[in-house]
Amino acid sequence: MFSLTDSPIALDRCKCALIHSQCGAYVSFEGWVRDHNAGLMVSHLVYEAYHALALKEGNSILSEAKKKFEIESASCIHRLGDLKVGEIAVWVGVSAPHREAAFKACQYIIDRVKLSVPIWKKEYYVDNSHQWINCEHCKHHEVIS
Amino acid sequence: MKTITIEYYAMLQEIAGKNKEEFKTSVNSVSELYQEIKLKYGFIFDHDQLRAAINDQFVDWKTKINNGDIVVFIPPVAGG
């Protein structure tokens, strides 16, 4: 299941939901808030989502992964709101009979989530500037101080 | 004349100064609608930098808009 949360992600609870006796492999990914980006020192960031479509698209990606790879279960949780450096922004978990499919499905899911789920990130820097990420190529984009 | 709702997120919300509005338009396609609001608010994005959604589904730019639709223009995403 794909879900959004305003609270810190409860990793143990997430993993438990993926345990099946027919699975020999569990692979997970955690995306952490990094302290730097493109030469700028990050102080914190904010995630915002178009909830209804993010949930639809996220769940669609998980369904794709289940069709594409021999996995048993897959789940993804994305944090929203204010996050500090070091916090977990996104978690992906996959369980499968064998590890190769689990690794590939996990990578597939996070790559697709980053590409197509309507979630936006605004980074704030230690010099008090801020910018919307991936809008760097947009006309007239600038880092706002 | 059609009456629709447009929702704004992220940078579009900041530029428009609102998160949604009821909007009256006589245009037919979602592409034409974007041109109309781009002019109104001075949005910086071109079509190829955005996606469009109607009623919580991604749509093609040629898609016709209907009375009562909820339209969202989606700036470059950055989840994960």
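How much accessible surface does chain A have, and what percentage of it belongs to carbon and sulfur atoms? The accessible surface of chain A comes to about 7600 Å², with 53% belonging to carbon and sulfur atoms, as computed by the Shrake-Rupley method with a 1.4 Å probe. This is a predicted model, in which local features need pLDDT of at least 70 and side-chain atom pairs count only at pLDDT 80 or more, whereas totals for chains, interfaces and linings use all residues. Residues are numbered from 1 along each chain as its sequence is written, chains are lettered from A in the order in which they are written, and side-chain values use heavy atoms, with hydrogens and water left out.

Chain A holds 3 helices and 9 strands, where helices (H or I, at least four residues) and strands (E, at least two) are DSSP runs numbered from the N terminus. Of its 145 residues, 49% count as buried, that is, under 20% relative accessible area with a 1.4 Å probe and protein chains only.

In chain B, the 12 residues of helix 2 (residues 30-41) should span 16 Å at 1.5 Å a residue, which agrees with end C-alpha atoms 16 Å apart; the expected span is 1.5 Å times one less than the number of residues. The buried residues of this helix are B:Val30, B:Leu33, B:Tyr34, B:Ile37, B:Lys38 and B:Tyr41. Just after helix 2 of chain B, B:Gly42 takes a positive phi of about 70°.

Terms used:
Buried means under 20% relative accessible area, exposed over 50%, partly exposed in between (1.4 Å probe, protein chains only).
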